[in-house]
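Take a walk through this protein model, one part at a time. Keep the sequence and the 3D view side by side.

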Amino acid sequence: MKYKPEKDYLSIDIGATYTKYALIDHSGNLKIKSQFTTPRDNVNNFLKKIYAVINEVLPNIKGVAFSVPGKIDQKEQIIYYGGSLPMLHGLSLSKIISSRYELPVSMENSGNSAALAELWLGNLKDIKNGAAIILGNSVEGGIVLNGELWHGSNIQGGELGFMLSQINGPAEDPNNLMFTAGSAVQMIDDIATALDFNDRTDGMRVFKAIQNGDEQARHIFEQYCRRIAYIILNIQSILDLSRFVIGGGISSESILVPEIKHQLQLLFDENSLLRKSLSAPEILTASFKSDATLYGALYNLLLQLNDEKLIQDLSNEDPDNKDSSDPSNE
């Protein structure tokens, strides 16, 4: 990762499978992006990888922004539960990094980071009430109310993965929660298994089968999109939002958002009370797709630094290289 800019920011998105990182300048231009497999065995090995990334670019950065799974105590800068990475529970990651490198450091939940990116420079910009739904290893999200990210009373606003997806399953069935039932990775695995693919993570092959009209693939995909439509409808019935954006690596697939919209319309068509009572929200693909968490983490850092000039600069310019596509996982 050889690059000598004028003091960029390092943005790091910690995912269950991969940790992505990028240098982003004050105008929102993503300069260099890379990733490594997230160590899952213990926190020390995880921190060693983070240190290695920071050490590589240290002379060229003026701050570090993290997007992390789990519940984030912004006041104490502590990660709770860690989502798909329970080893992060209780870790004061930003305090550790800021103390070690004497740099400003911020953390935000990954779903909220994605929403912040879209609110700042993407398809939630100038939207007063909206939401981002991020489809990856699990389903995550962030909710914008009155133009601001909503954290809720217990810093768990937008935790879409904890919505119930079924009520009659066995007590510990993982599919009881949208965390698993809304997982794009699990959907791809289900289709690959049904079609007896050797590589159960081959998202490109899975979507080719869907587009070619394979009956099993289409059925699983449509049921998956219907579950995402349930999430949208349930949120809409409470918050009455004007726009939802769909992100994550899978969002680069052109058939995803149209099918979610189709399934939502079917839900309205099937229930006359819904048709009469609720207005359907607009549904768009997230502008940043799977890079949203990198941009949103940076925006969170700038908000904490209260650098209004930098924020305004970023809001008035179109960042380059926003697209990223890996439909298999996040």
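What follows goes from a sheet and its strands to a cavity, a pocket and a helix.

The model is a predicted one.

Now follow the pairing. Strands of a sheet pair through backbone hydrogen bonds, either parallel or antiparallel. Strand 8 and strand 9 are antiparallel partners, with six bridges. Between them, a hairpin makes the link through three residues. Look for Ile133: its bridge partner in strand 9 is Gly141.

Strand 8 also pairs with strand 11. Those two run parallel, joined by five bridges. Here Ala132 has Val245 of strand 11 as its bridge partner. Move on to strand 11 (residues 243–247) and strand 12. They run parallel too, with four bridges.

Is strand 8 enclosed or open to the outside? Six of its six residues are buried, so strand 8 is largely enclosed by the rest of the structure. Both of its faces are covered. Gly130, Ala132 and Ile134 lie on one side, Ala131, Ile133 and Leu135 on the other, and all are buried.

Turn next to strand 7 (residues 105–109). Strand 7 is mostly covered, with five of its five residues buried. Val105, Met107 and Asn109 point one way, while Ser106 and Glu108 point the other way. Strand 7 pairs with strand 4 (residues 61–68) in the parallel sense, over five bridges. In this pairing, Asn109 of strand 7 stands opposite Val68.

Asn109 and Glu108 both line it, and so do Gly70, Lys71, Ile72, Asn112, His151, Ile155, Gln156, Gly157 and Glu159. Strand 5 (71–73) and strand 7 each supply at least two residues of this lining. By class, the lining has two nonpolar, six polar and three charged residues.

Some of these names come back in the second largest pocket. Its lining includes Gln156, Gly157 and Glu159. The pocket holds about 200 Å³ of space. Its lining divides into seven nonpolar, four polar and one charged residue.

Which helix gives the most to the lining of this pocket? Helix 7 (residues 215–239) does, with four residues. Helix 7 also contains Arg226. Why does Arg226 count as buried? Its relative accessibility is 15%, and buried means under 20%. Leaving aside residues up to four places away in sequence, Arg226 touches Gln263, Leu266, Leu267 and Glu270.

Technical notes
Residues are numbered from 1 along each chain as its sequence is written. This is a predicted model: local features need pLDDT of at least 70, side-chain atom pairs count only at pLDDT 80 or more; totals for chains, interfaces and linings use all residues. Side-chain values use heavy atoms; hydrogens and water are left out. On a 1 Å grid over the protein atoms alone, a cavity is a set of points where a 1.4 Å probe fits but cannot get out, and a pocket is an open set with protein on both sides within 12 Å along at least five of seven lines; lining residues have an atom within 4 Å of a point. Grid points are joined across faces, edges and corners, and a volume is the space filled by probe spheres set on the points. Ala, Val, Leu, Ile, Met, Phe, Trp, Tyr, Cys and Pro count as nonpolar, Asp, Glu, Lys and Arg as charged, and the others, Gly among them, as polar. Buried means under 20% relative accessible area, exposed over 50%, partly exposed in between (1.4 Å probe, protein chains only). Contact means heavy atoms within 4.5 Å. Two strands pair if DSSP finds at least two bridges between them.
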